[in-house]
Amino acid sequence: QPSNYSTVGVNSLILEDPDFTFFDSREFFLSPKSSCDEALENVKLRRVPNSTEGKRLQQERRFKVKMIKDGLNSMKTKKFGSSFKDL
């Protein structure tokens, strides 16, 4: 069912029978040129985990990296010795 301005309250663009899906609209291209007229070769893309366990492990890794970054930034601001000034 298409959205209606009176029920949503925001302006939106509605395309009748588009030739692409929502997921196609989120596709992007890697190219050595800004015109994207040729594909970038030798690119290995990592698959995004689609299992609950895989997503949980990915989230844990991101959280650990964030905690390390926050800790290092905190040490820089508190100036714990001269060895941390260059971090």
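**Charges and surface**

Reply: Arg56 and Glu53 are separated by about one helical turn, because they sit three residues apart in helix H3. Helices are DSSP runs (H or I, at least four residues), numbered from the N terminus, as are strands (E, at least two). This is a predicted model: local features need pLDDT of at least 70, side-chain atom pairs count only at pLDDT 80 or more, and totals for chains, interfaces and linings use all residues. Residues are numbered from 1 along each chain as its sequence is written, and side-chain values use heavy atoms, with hydrogens and water left out.

Me: How many salt bridges does a search of the whole structure find?

Reply: A salt bridge puts a side-chain nitrogen of Lys or Arg within 4 Å of a carboxyl oxygen of Asp or Glu. The search of the whole structure finds four. One joins the side chains of Arg56 and Glu53, at 2.5 Å from N to O. Arg56 also bridges to Glu60, with the closest N and O atoms 2.2 Å apart. Arg56 and Glu60 are four residues apart in helix H3, about one turn.

Me: Is Arg56 buried, exposed or partly exposed?

Reply: Buried means under 20% relative accessible area, exposed over 50%, and partly exposed in between (1.4 Å probe, protein chains only). Arg56 has 38%, so it is partly exposed. Glu53 is partly exposed because its value is 44%. Glu60, at 33%, counts as partly exposed too.

Me: Which residues gather in a patch of positive charge on the surface?

Reply: Patch residues have over 30% relative accessible area and no salt bridge; like charges are joined within 9 Å, and nonpolar side chains (Val, Leu, Ile, Met, Phe, Trp, Tyr) within 5 Å. Areas come from the Shrake-Rupley method with a 1.4 Å probe; for residues, only the protein chains shown count as cover. Lys and Arg count as positive, Asp and Glu as negative; His and chain ends are not counted. Each charge is placed at NZ of Lys, CZ of Arg, CG of Asp or CD of Glu. The positive patch gathers Arg46, Arg61, Arg62 and Lys64. Arg62 lies in helix H3. Arg62 is exposed because its relative accessible area is 52%.

Me: Which residues form the negative patch?

Reply: Glu16, Asp17, Asp19 and Asp24. Asp24 lies in helix H2.

Me: Which residues make the nonpolar patch?

Reply: Phe28, Leu30, Leu40, Val43 and Leu45 make a surface patch of about 510 Å². Leu30 is in the loop between H2 and H3.
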